[in-house]
Amino acid sequence: AIVDPPPGLPFRIDVSTGVISVGGVLDRETMDSFSFSVLAFDSAIDSNNGSATVVVVLTDVNDNLPLFSQDSYSIDVAEDSSVGLLVLKLEGSDEDEGINQQFNFTILSGNFPNTFSLVPSDGTISISTPPQWSLSQNSFSLLIEIRDMGSPSLGSTAIVNINITDTNNQNPEFGGAPYSFVVTEGSGPEATLGRVYA
């Protein structure tokens with residue numbers, strides 16, 4: 001028999017055979033070990049008994065998804081940023097242990113044309129090709145996956161929105177230059193010669 005079992009003890013014992021079996025839900029992340037006492041009686045008229053301590057240690061199974069520290073990220077990057085500039089460092093966590101707790105990061109989509117690089121082991125995103133701001137391409141939406149090394153492997157995703165900010169690095173250019181205008185010699189001081197465009 002189990003002596004004074006604590007509330008919720010997920011084990012039971014067959015009093016005739018001594019076989020201990022699981023009698024409830026096991027969750028290592030909630031409780032990773034159990035210790036309880038069992039008592040044995042002989043069948044004599046003046047019965048004797050003996051006791052022993054049973055320690056049960058739960059081993060981990062890969063039953064928890066690795067998760068990002070937040071569901072989405074948003075950051076601004078100037079278009080004249082240099083190659084190698086650190087953009088963002090992703091953080092993740094996994095409630096499992098051992099190899100089930102180890103994970104890597106991967107860019108699944110949105111990184112055209114390989115403007116950003118990602119270090120799989122530490123989640124560091126940096127610039128690999130200088131981004132060029134334009135009306136048609138002024139932001140990137142990277143779909144990033146975090147995946148553990150357990151078996152079976154588990155993963156989840158997050159969106160990293162990177163906005164490319166324009167910098168004043170272009171000189172204005174005139175259209176149609178050089179310009180040529182004709183004006184009569186008697187024109188007044190407010191006479192219009194023409195118009196230039198830049």
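Colleagues, please bear in mind that the model is predicted. I begin with the aromatic rings. The structure holds six aromatic pairs. One of them joins Phe11 and Phe34, with ring centres 5.3 Å apart and planes at 80°, so this pair is edge-to-face. Phe11 belongs to strand β2 (residues 11-13) and Phe34 to strand β4 (residues 33-41), so the pair ties together parts that are 23 residues apart in sequence. Both of these phenylalanines, Phe11 and Phe34, are buried.

A further edge-to-face pair is formed by Phe116 and Phe140, at 5.2 Å centre to centre and with 85° between the planes. Here too, distant parts of the chain are linked: Phe116 lies in strand β11, Phe140 in strand β13 (residues 139-148), and the two are 24 residues apart. Phe116 counts as buried because its relative accessibility is 3%, under the cut-off of 20%. Phe140 is buried as well, its relative accessible area being 6%.

Ring pairs also link Phe68, Tyr73, Phe103 and Phe105 into a cluster.

I turn now to Asn111. Where is Asn111 placed? Its place is in the loop between β10 (103-109) and β11 (116-119). Is Asn111 buried or exposed? With a relative accessibility of 15%, Asn111 counts as buried.

The side chain of Asn111 reaches the backbone oxygen of Phe116 at 2.7 Å. When neighbours within four places in sequence are left aside, Asn111 is in contact with Phe116 and Leu142. Phe116 is thus a partner of Asn111, and also a member of the edge-to-face pair with Phe140.

Note on methods:
Residues are numbered from 1 along each chain as its sequence is written. This is a predicted model: local features need pLDDT of at least 70, side-chain atom pairs count only at pLDDT 80 or more; totals for chains, interfaces and linings use all residues. Side-chain values use heavy atoms; hydrogens and water are left out. Helices (H or I, at least four residues) and strands (E, at least two) are DSSP runs, numbered from the N terminus. Buried means under 20% relative accessible area, exposed over 50%, partly exposed in between (1.4 Å probe, protein chains only). A polar contact is a pair of N or O atoms within 3.5 Å; within protein, one must be able to donate a hydrogen and the other to accept it, and residues adjacent in sequence count only if both atoms are side-chain atoms. Contact means heavy atoms within 4.5 Å. Rings of Phe, Tyr and Trp (its six-membered ring) pair if their centres lie within 6.5 Å; planes under 30 degrees apart count as stacked, over 60 as edge-to-face and the rest as tilted.
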